[in-house]
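Subject: Structure for your attention

Dear colleague,

Please find below the structure that I would like to pass on to you.

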Amino acid sequence: MFFAPLLSYSLDGKPVYRPNIFTSLKDTTDARRIDAARRIYRINCRKMNEPDAVKSLGDLEQLAVNLGDLQLECAIYDMRADYYSVNRGYNPLSNKYFDMAIAFAKEEKLLLETGIYQHRKANYYSLYKQNTAACRYYLLSEATLREVGFDNVRDMGTLFSETANFYYALGDFDNARENLRHALKYQPIVSSVRINIINTIGLTYRNAGQYKTAMAYFNNALHMATLVKDSVWVAIATGNIGSIYFLQQQYGKALPLIQADYSQSLKYDQTLNSAIALLRLIYISLDHGKLKLAGLQLDTADKLLLRTSENVLTQRAQYYELKAILSGRFKNVEKVILYRNISENLRDSVAKRDNITAIERVRLQWIMEKSHEELNNLKKSAQIEAFKQKTIIVVLLLLIVISVLIYNRQRLKAKKDKELIVSEKLRVDEELKNATLVLNGYTERLMQKNILIDEIKTELENVQLKFSDADIADSLDKMMQAHIMTDDNWAQFKKLFSRVHATFFYNLRHKYDNLSGTDIRLLALIKLKLNNKEMAGMLGITVDGVKKAKQRLRKKMRLSEDEEIEDVVNDL
């Protein structure tokens, strides 16, 4: 919908206020009302005198109240901030109205509008080179809109692009590139805006000296521009590809591309880009020994640089450097010295400017990392009293981010610790399993020896019946005793047993300190759930002896009648 101007004009050409310029908004749908109000404001109010502008926006505010349109009420604060910015530059009233827009949005729990007006305030600060404050509000807006959900924000791609422009202007190409990639997600597959973003990502890589990656992005932009037949972007992408070849000193490949860029830049009146392309052509002309052509090109470059209103310090330094080189080719030492001195002075100015920008980047990084300390310092300054509430919000958001990072780190650490515990448990379980197998094997071998002893006993009894030679019987008896659990066998057995039941002997000594070594051996065999016969064989006593030993143990351990010694031992 197009809104014609609703102003009349005085004889001197100044717009004069005409009442009720926002009346038509009463019949506009809620979804379109704010956009319609902004169009009327931009066409009619921006260049009004202050009293009439205040009256017009006051009428709009009353209309918003009558309609119960909170979003429109919030937008009016933003329009007032914009009015004073357009007419007064950087000023306290714009700051005040931006703050009021954000505060109103928060009070009414309009989270989306909070993030949008934080971003608008960041743009305002960025426009007037208040980079520290701009950085704060870009970060603050991003955090707020992330909470809303980027996909739920209309024109989110534009917001990312504007943030990228801020970082790009400061030479912070990493942050610029990150925001540009976010912006790409919200652009059509093929469009001029998408081409612009891809091309700018290429510039961030080129400026960082990553020519191969930059070339891939420039080729992508050129391919897309060719598909949509956008001659302007074809020229820009072609020129950027040429710039890569030029920076790599591949002048043969660079020359036709830069010439095409120069011609197209002149055609579309892109004066600065024309001058940049021409300076590159002059380098190539000098490299090829075309001195006359280089002289003519230098004259043209001088005129182009004079025509542009942009900052051309870098290009002027290049221009005089080329003049010095050309003078040197003609053996004019006096002019070489003159032009080189001018070039060096200009380069010093460029270096100072770049150093200031670099310092600004470091400063912004420091602010992000040391925001809490900065808050304490800022609170002491009367100059930032009006910003106190906003700064506290920034600090709180940064603390939340830090807390989230710490929480995630602790959670990952806990997860790793849990994995280590599980791994350790598996290892311990495996060792216990192996130790149990070894203990069982050792016990089994002792038991097998006991069976052998029983067989030998039988043979011994037969021998004693048939023969009366006491020496033979005594020798056999000694041989049998060698296989019963001797002190050496017990030491080996105890070592294996402790690997499986690590605290058994400690608990036994701690709870029953009146037990003998024989008692402990018997209890260890009970722990292994051996029957009386097996224990008798291993201890070298009779089954009745085992039973009597158990009875003695019950008394020593003071067990009641309903307590079984086996159950007590198993609990140790």
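This is a predicted model: local features need pLDDT of at least 70, side-chain atom pairs count only at pLDDT 80 or more; totals for chains, interfaces and linings use all residues.

The protein chain contains 25 helices and two strands. Of its 572 residues, 41% are buried. Among the contacts with a separation of 6 or more, 58% are made by residues 24 or more positions apart.

Two helices that pack together

Two packed helices are described by the angle between their axes and the distance between the axes. For helix α3 (residues 70-88) and helix α5 (residues 111-127), the angle is about 5 degrees and the axes are 11 Å apart. The two helices, α3 and α5, are therefore roughly parallel to each other. On the α3 side, the residues that meet α5 are Gln71, Cys74, Ala75, Asp78 and Ser85. Their partners in α5 are Glu113, Tyr117, Arg120, Tyr124 and Leu127. Sorted by class, this contact comprises five nonpolar, two polar and three charged residues.

An α-helix has 3.6 residues a turn, so residues three or four places apart point the same way.

Helix α2 (residues 50-67) has 18 residues, and the distance from its first C-alpha to its last is 26 Å, close to the 26 Å expected at 1.5 Å a residue. Its buried residues are Asp52, Ala53, Ser56, Leu57, Leu60, Leu63 and Ala64. These residues cover an arc of only 125 degrees around the axis, which puts them on the same side of α2. Pro51 and Asn66, on the other side of α2, are exposed.

Helix α20 (residues 487-500) has 14 residues, which should span 20 Å at 1.5 Å a residue, and this agrees with the 20 Å between its end C-alpha atoms. In α20 the buried residues are Asn489, Trp490, Phe493, Leu496, Phe497 and Val500. Seen down the axis of α20, the buried residues fall within an arc of 135 degrees, so they line one face of the helix. Asp487, Asp488 and Lys495 are exposed residues on the face of α20 turned away from its buried side.

A buried asparagine

Asn199 is located in helix α9 (residues 192-207). Its relative accessible area is 4%, under the 20% cut-off, so Asn199 counts as buried. Apart from its neighbours within four places in sequence, Asn199 is in contact with Phe218, Ala221, Trp233, Ile236, Ala237 and Asn240. Asn199 and Asn220 are 21 residues apart in sequence, and their C-alpha atoms are 8.2 Å apart in space.

Two loop residues with positive phi

Lys331 lies in the loop between α15 (313-329) and α16 (333-369). The phi of Lys331 is near 65 degrees, a positive value in a residue other than glycine. With 70% relative accessibility, Lys331 counts as exposed.

Arg558 belongs to the loop between α24 (543-556) and α25 (565-571). The phi of Arg558 is near 55 degrees, a positive value in a residue other than glycine. With 68% relative accessibility, Arg558 counts as exposed.

Yours sincerely,

A colleague

Definitions and conventions:
Residues are numbered from 1 along each chain as its sequence is written. Side-chain values use heavy atoms; hydrogens and water are left out. Axes are lines fitted to C-alpha atoms, for helices over the stretch in contact, and angles run from 0 to 180 degrees between N-to-C directions. Helices (H or I, at least four residues) and strands (E, at least two) are DSSP runs, numbered from the N terminus. Angles under 35 degrees count as roughly parallel, over 145 as roughly antiparallel, 65 to 115 as roughly perpendicular and the rest as oblique. Contact means heavy atoms within 4.5 Å. Ala, Val, Leu, Ile, Met, Phe, Trp, Tyr, Cys and Pro count as nonpolar, Asp, Glu, Lys and Arg as charged, and the others, Gly among them, as polar. The expected span of a helix is 1.5 Å times one less than its number of residues. Buried means under 20% relative accessible area, exposed over 50%, partly exposed in between (1.4 Å probe, protein chains only). The arc is that of the directions from the helix axis to the C-beta atoms.
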